[in-house]
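Morning, everyone. Please have a look at the model.

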Amino acid sequence: DFELKKEKQTEIVTDLLTYRDFYESEADDFLSNIDIYWQQHLGTYSCKKDKNRPWKGSADIRTGVIQYFDSALETRFNAALNSQKFVTITAPSKAGRIDAKACADFINDYWKPKANPEDVLIDWFQNIVVEGVALLKINPIQNNPIQRKRYKMVELVFKIGNEIKKLLGYATDENKKMILEKTDKKDYLGCLWEATDISQCGFDLSVDRLKKGKFKYQEIWLTKNDCKKREKEKGWTNIEKVFIEKNKENKGAKLDNIIIENQKEETKKNYSGVENTKLNKEKFIEYWIEYDVNDDGEDESCYFILHPDKKILNYWSYNKFSDNRTPFVEAQFYRISGQIIGQGNPQRLGSLNDELDTIQNQKIDNSFVHNVTGGTYMSDKLVTEQMMDKFVVPGKWLPVTAHKQIDRWIDKSAPLDLQAQENFVLNMLERKSLVSDYSMGRESSINPNPTA
């Protein structure tokens, strides 16, 4: 679309990477907690910071209440997604209704079976629930013609009496072999949807809607063959500069047999050997950004692809989407006014789930203290440590130098009654999660009468 001098390319790469660094700095709190949100969603997160308190081997329960609430929401979404037609289009006029039905039939009967958007939406919705915000990417595609092969057919017309008969048959050549015809057919699909990984995307955090922002970017991972294909079909540049250093490293790595043998086991452990294969992928970043490429004081909607490590610009053009839009659609689980990033279920329920886990840990530890015998004993020939292990319930016994030979510890405090606190926490979890037990066919603290 436009030419860029080498100096301008360098300037653009510097600016784009600055935008990325600024976003990662501003969104650090969100990005650094994504892994924790997924652990809470999967029920593997432990709220216990010190595993050895109050003693080594004490309780460390993970109730996974967030996992249950998330699954309930996802199950309902999946059921709703498959309970009706994917698209219904209406129009006020008769001619419009005919066209609307044709469009709906194309989407429901042709595009949907090929593009499989339901699976994408299920992944997208899960990202919304867990991370609080998710991006759906609309990838336009232009399919290459599909070559179809079929044997040529001919229609024979002949007359028998007063009747005209028609007969279909295969055409043959002079050697009586059927003639194979090749035809090109264009399979028009239009676009494919993608549930993007929010941790590999970035956007302008100064606005409350993605479309208002100055920039959006996404990290993509490509092999050398992927890049060569894009160089041939889409005009990518500087591909060899991305891979040339890696190739030089590989060709120059002449190690003796001893070093190679020593590295074999290490390679198996960390899979570093894949870097020397065609399966190895390099990270690129694609940007949609308002940028002054002509230095005329006017920002224009542009599209760039660069390699962040080598600081090389590999592709540039004006934004080819209509209305200068970008291919992302965002959605929040719980929207926060003035922000693109929302709150997900783990973030909203995390502290309550931690409290519930802590209550369960305390219940178990309290029961352990009351049920397990402990005390002191005099270490002499009459009472030995082996005798204590054999005849006394295992607990914590300490040897002392003088008192009666065996002195059992008696805990006169009553076990803590934590049931009321547990009920309160469960009540709050139900209210904040948007999922109540009674809505799943069970009684709950909110409504004792199940409705399902």
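**The sheet and its charged pairs**

Five strands make an open sheet, ordered β7-β8-β9-β10-β11, and the pairing is antiparallel. The edges are β7 (201-203) and β11 (312-318); each has a single partner strand, so one side of each lacks a neighbour in the sheet. On average, neighbouring strands here are turned by 20 degrees against each other, direction ignored.

Ground rules, quickly. This is a predicted model: local features need pLDDT of at least 70, side-chain atom pairs count only at pLDDT 80 or more, and totals for chains, interfaces and linings use all residues. Numbering runs from 1 along each chain as its sequence is written, and side-chain values use heavy atoms, with hydrogens and water left out.

Strands (E, at least two residues) and helices (H or I, at least four) are DSSP runs, numbered from the N terminus. Two strands pair if DSSP finds at least two bridges between them. Axes are lines fitted to C-alpha atoms, for helices over the stretch in contact, and angles run from 0 to 180 degrees between N-to-C directions.

Strand β8 (residues 215-222) pairs with β9 (residues 282-291) over 8 bridges, in the antiparallel sense. Take tryptophan 221: which residue is its bridge partner in β9? That is lysine 283.

What packs on the sheet? Helix α6 (residues 224-234) does, touching β8, β9 and β11; contact means heavy atoms within 4.5 Å. The direction of α6 makes about 120 degrees with that of β8. Helix α1 (residues 6-26) lies across β7, β8, β9, β10 (300-307) and β11. Against β9, α1 runs at about 95 degrees.

On to charges. The structure holds 15 salt bridges, meaning a side-chain nitrogen of Lys or Arg within 4 Å of a carboxyl oxygen of Asp or Glu. Aspartate 105 and lysine 101 meet in one, 2.7 Å from N to O. Why those two? They sit 4 residues apart in helix α4 (residues 94-115), so about one helical turn separates them.

Next, lysine 112 with glutamate 118: their closest N and O atoms are 3.2 Å apart. Buried or exposed? Glutamate 118 is buried, at 13% relative accessibility. Lysine 112 is partly exposed, at 23%. The cut-offs: buried is under 20% relative accessible area, exposed over 50%, partly exposed in between (1.4 Å probe, protein chains only).

Last one. Over to you.
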